[in-house]
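Hello,

Below is the structure I said I would pass on. My notes on it follow.

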Amino acid sequence: MLEDFLNALNNFRRNKTRTFLSLLGVIIGVASVIVITSLGSSSTREVENTFGSAGLDVVSVSPGFTRRKRAAVNLVFDEAFRDDLFDGVKDIEKVWYKNSMNSTMTLGDVSSTVNCSAIETGYLEMYKMELESGSFFTVTDNQEGTQKLILSHDTAQTFFPAGDAVGKHLIVVSSNVSFSFEIIGVLKEQTAGMEQGAAYVPRGFYLKKIKPNAEAANILVQATSPEKAVELVSTITNYCIQLTGTEGSVNVMSMQSMLEQVSKITGTMSMMLSAIAAISLLVGGIGIMNIMIVTVTERKQEIGIRKALGASPSDIRQQFLVESASITLIGGILGVLLGIILSIAVEYVQSQSIIINYNACLIAFVFSVFVGIFFGLNPASRAAKLDPVIALSGE
């Protein structure tokens, strides 16, 4: 077989243009598969980085359409519901209540309309949000409803570009009532995650000063693990349907399930595009088959001489199969190298980290060699079946 491979290389050198054209389809096909799968893997990683690792164990519950319009039994997100949910559904670590209030913040001549989130103690820590300066809310802040404020990085920059926000006061106008809030903390800039609030106040303040005895607008259910969060989506949905007797009474979603769905979509798209790119490999294989048929025709006398000297049909078949497979072997190697180079070039041009899918490299390479063997089988069989007398006559 080594001798057949060396002979194939000699034949390639004698027919450089023909060999190059045969290689081209294989190279393009393999390189296309690698680039597409690398871009798909990179897109998936970028989505994961956008979501972040924090909050993957959190399930969000909010009022659904039927709850607001025509539910048989309305759900009320009060303390009784919190207790019932915790007792009635497994795999819940903690249940957080959250409200929002539109407000206008003012400091001197600077004014900005922001959406303040009224949260419970530990909410920001649960999302693994970090402080740039200051401190988080305490249990006392929530129980007493203190007028304290935690700002996001961007909001703090709006009012305090020098970075000295902690300890200062802001006037917050909500429901046409003005309140003076002390800033106790500034969050670090958030580049990932679903929680991207502008400002936070203790939920106790909201319940005492803005809307007494208000039910929660949103519920955040922390699962015992990120894996359980996906199961909790359907479990909580079914639990609420049982309470209300109506579907659509709540909207339940988790960042983990969203991430899995996005990853599945990008993976499916990459597979589809890779399959389309692989068609060029099949087209290249057909071209190789045509070239090999021409080669067999041109080398009839050589085949006849080998058979006259005692070469068996299997030897002839092997010779041409090795030659056909050698084309796709070389094309596969060059295609892998070109695909990696193009992926790196895309990374450089887009300033985006590209993840080269080495499994796709291996699969594309093996598939290219298989294409060479498959499409080379017919010409090799034709050569093996040639009558040596007819072959020697050159007819």
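**Overall make-up**

The secondary structure of the protein chain amounts to 14 helices and ten strands. Please keep in mind that this is a predicted model. Of the 395 residues in the protein chain, 44% are buried. Taking the contacts between residues at least 6 apart in sequence, 78% join residues at least 24 apart. The accessible surface of the protein chain is about 20,000 Å², and carbon and sulfur atoms account for 59% of that.

**Salt bridges**

The whole structure contains seven salt bridges. One of them joins the side chains of Arg82 and Glu120, with an N to O distance of 2.6 Å. Arg82 is in helix α4, whereas Glu120 is in the loop between β3 (110–119) and α5 (123–126), so this pair ties together parts that are 38 residues apart in sequence. Arg82 and Glu120 are both buried.

Glu120 also forms a salt bridge with Arg203, and here the closest N and O atoms are 3.9 Å apart. This pair links distant parts of the chain: Arg203 belongs to helix α8 (residues 203–210), Glu120 to the loop between β3 and α5, and 83 residues separate them. Both Arg203 and Glu120 are buried.

Another salt bridge pairs Asp141 with Lys148, the closest N and O atoms being 3.2 Å apart. Asp141 counts as buried because its relative accessibility is 3%, under the 20% cut-off. Lys148 has a relative accessible area of 25% and is partly exposed. As for shared partners, salt bridges join Glu79, Arg82, Glu120 and Arg203 into one network.

**Helix α9**

Helix α9 covers residues 226–244, which is 19 residues. From its first C-alpha to its last, helix α9 reaches 27 Å, close to the 27 Å expected at 1.5 Å a residue.

Which residues of α9 are buried? They are Ala229, Leu232, Val233, Ile236, Tyr239, Cys240 and Thr244. The spacing in that list can be read against a general point: an α-helix has 3.6 residues a turn, so residues three or four places apart point the same way. The cover over the buried residues of α9 includes strands β1 (58–63), β2 (92–107), β9 (218–223) and β10 (250–254). Helices α4 (79–88) and α10 (255–298) are also included in that cover. After α9 comes Gly245, with a positive phi near 70°.

**Positive phi away from glycine**

Most residues other than glycine have a negative phi. Two residues are worth checking against that.

Lys128 is not a glycine, yet its phi is positive, at about 60°. Lys128 sits in the loop between α5 and β4 (131–134). With a relative accessible area of 58%, Lys128 is exposed.

Asn176 is not a glycine either, and its phi is positive, at about 65°. The loop between β6 (169–174) and β7 (177–187) holds Asn176. Asn176 counts as exposed, at 80% relative accessibility.

**Other positions**

Phe20, Leu21, Leu24 and Ile28 make up a nonpolar patch on the surface, and together they have about 380 Å² of accessible area. Ile28 belongs to helix α2 (residues 16–51). The relative accessible area of Ile28 is 44%, so Ile28 is partly exposed.

Val283 is in helix α10 and counts as exposed, with 53% relative accessibility. How far apart are Val283 and Val26 in sequence and in space? In sequence they are 257 residues apart, and in space 8.5 Å, C-alpha to C-alpha.

Thr155 lies in helix α7 (residues 153–159). Its relative accessible area is 8%, so Thr155 is buried. Apart from its neighbours within four places in sequence, Thr155 is in contact with Met105 and Ala198.

Regards

Definitions and conventions
Residues numbered from 1 in each chain as written. Heavy atoms only, no water. Helix = DSSP H or I, 4+ residues; strand = E, 2+ residues; numbered from the N terminus. Expected span 1.5 Å × (residues − 1). Buried < 20%, exposed > 50% of the residue type's maximum accessible area, 1.4 Å probe, protein only. Contact = heavy atoms within 4.5 Å. Patch = residues over 30% accessible without salt bridge, like charges linked within 9 Å, V, L, I, M, F, W, Y side chains within 5 Å. Areas by Shrake-Rupley, 256 points an atom, 1.4 Å probe, with all protein chains shown as cover. Salt bridge = Lys/Arg side-chain N within 4 Å of Asp/Glu carboxyl O.
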